[in-house]
Amino acid sequence: MTGPTLRRRDDGALELRVNGVFVMDDVETSSEQALARTVLDLGAREILVGGLGLGYTLRALLASPQVTRIIVAELHPQIVGWMRDGTIPGADLLTDERTQVVVGDVRDVVAAQSPASLDAIALDVDNGPDFLVHEDNAGVYEGDFVELCASRLRPGGHVCVWSMAPSRSLTTSLGAALTDVREEAIAVRLQDRDERYWIVSGTRPDDVSAAD
Ligand SMILES: C[S@@+](CC[C@H](N)C(=O)[O-])C[C@H]1O[C@@H](n2cnc3c(N)ncnc32)[C@H](O)[C@@H]1O
């Protein structure tokens, strides 16, 4: 795996790539912000976010006074460093007293949380199970990890996942450990075309066991 790269394109946009593959830019960020809005509308106050990226989900969450604590898991230390030094706008997000950034794999960061300690887990580490940038992220969308997430949520807490496309395997994984699984389409404008990205969510039932 090669590391992340950041560049300012000729059109002025800031672009993030990992392994040479486009991850995101700062032109169309409505779905990243919609991920935050979904979590906020569900009433979450203590939230774990998987994937810092360019910080749009984090910024939208911190804009709400409802939010009391956010743990951000980011695999690449360079991305955190670029935000700290202003190369990626958002140093203020990292100094917000509600934010704790942990450099590491989101699976390890979730595992390190206390059982039943979070209101929501918002996952945007890859493009969804069918369009992976890192093959290694396949497990983030599978049942064992969803079950681990469920154990770290309070009863009634939520897992919300950004996905490039609707995915039967993702709704099946969520449905094995969560109830009320739903897919919400988010309209986005990509260059000259209209597209839809997806937020797939589920709710922790009362009787989930607390996995180690
Ligand atoms: C699409 S970006 C996140 C975008 C973010 N929601 C925003 O608003 O800018 C995905 C991020 O997840 C990170 N990432 C990828 N795999 C990861 C993993 N397994 N654990 C933690 N972070 C990961 C990438 O380095 C990248 O910063």
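How much space lies in the largest cavity? In this predicted model, the largest cavity holds about 30 Å³ of space. The count of cavities of 30 Å³ or more comes to one. Its lining is made up of Val49, Gly51, Leu52, Gly55, Tyr56, Thr57 and Leu58. By class, four of the lining residues of the largest cavity are nonpolar and three are polar, and none is charged.

Some residues of the cavity lining also take part in the surroundings of the ligand. A backbone N or O atom of Gly55, a residue that lines the largest cavity, lies 3.0 Å from an oxygen atom of the ligand. For Tyr56, a backbone N or O atom is found 2.9 Å from a ligand oxygen atom. Glu74 contributes through its side chain, with a polar atom 2.6 Å from an oxygen atom of the ligand. The ligand taken alone exposes 610 Å², and 98% of that area is buried by the protein.

The site of the ligand is the largest pocket. This pocket contains about 960 Å³ of space. It is lined by 44 residues, of which Phe22, Val23, Met24, Glu32 and Asn127 are the closest to the pocket centre. At least two residues of the lining come from each of strand E2 (14–18), strand E3, helix H1 (30–41), helix H2, strand E5, strand E9 (179–190) and strand E10 (193–203). The lining of the largest pocket divides into 19 nonpolar, eleven polar and 14 charged residues.

The second largest pocket has a volume of about 160 Å³. Its lining consists of Thr38, Asp41, Leu42, His158, Asp180, Arg182, Glu183, Glu184, Ile199, Ser201, Gly202 and Thr203. Helix H1 and strands E9 and E10 are the elements that give two or more residues to this lining. These three elements also each supply at least two residues to the lining of the largest pocket. In the second largest pocket, two lining residues are nonpolar, five are polar and five are charged.

Conventions: Residues are numbered from 1 along each chain as its sequence is written. This is a predicted model: local features need pLDDT of at least 70, side-chain atom pairs count only at pLDDT 80 or more; totals for chains, interfaces and linings use all residues. Side-chain values use heavy atoms; hydrogens and water are left out. A polar contact is a pair of N or O atoms within 3.5 Å; within protein, one must be able to donate a hydrogen and the other to accept it, and residues adjacent in sequence count only if both atoms are side-chain atoms. Accessible areas come from the Shrake-Rupley method with a 1.4 Å probe; for residues, only the protein chains shown count as cover. On a 1 Å grid over the protein atoms alone, a cavity is a set of points where a 1.4 Å probe fits but cannot get out, and a pocket is an open set with protein on both sides within 12 Å along at least five of seven lines; lining residues have an atom within 4 Å of a point. A molecule sits in a cavity or pocket if more than half of its atoms lie within 2 Å of its grid points. Grid points are joined across faces, edges and corners, and a volume is the space filled by probe spheres set on the points. Helices (H or I, at least four residues) and strands (E, at least two) are DSSP runs, numbered from the N terminus. Ala, Val, Leu, Ile, Met, Phe, Trp, Tyr, Cys and Pro count as nonpolar, Asp, Glu, Lys and Arg as charged, and the others, Gly among them, as polar.
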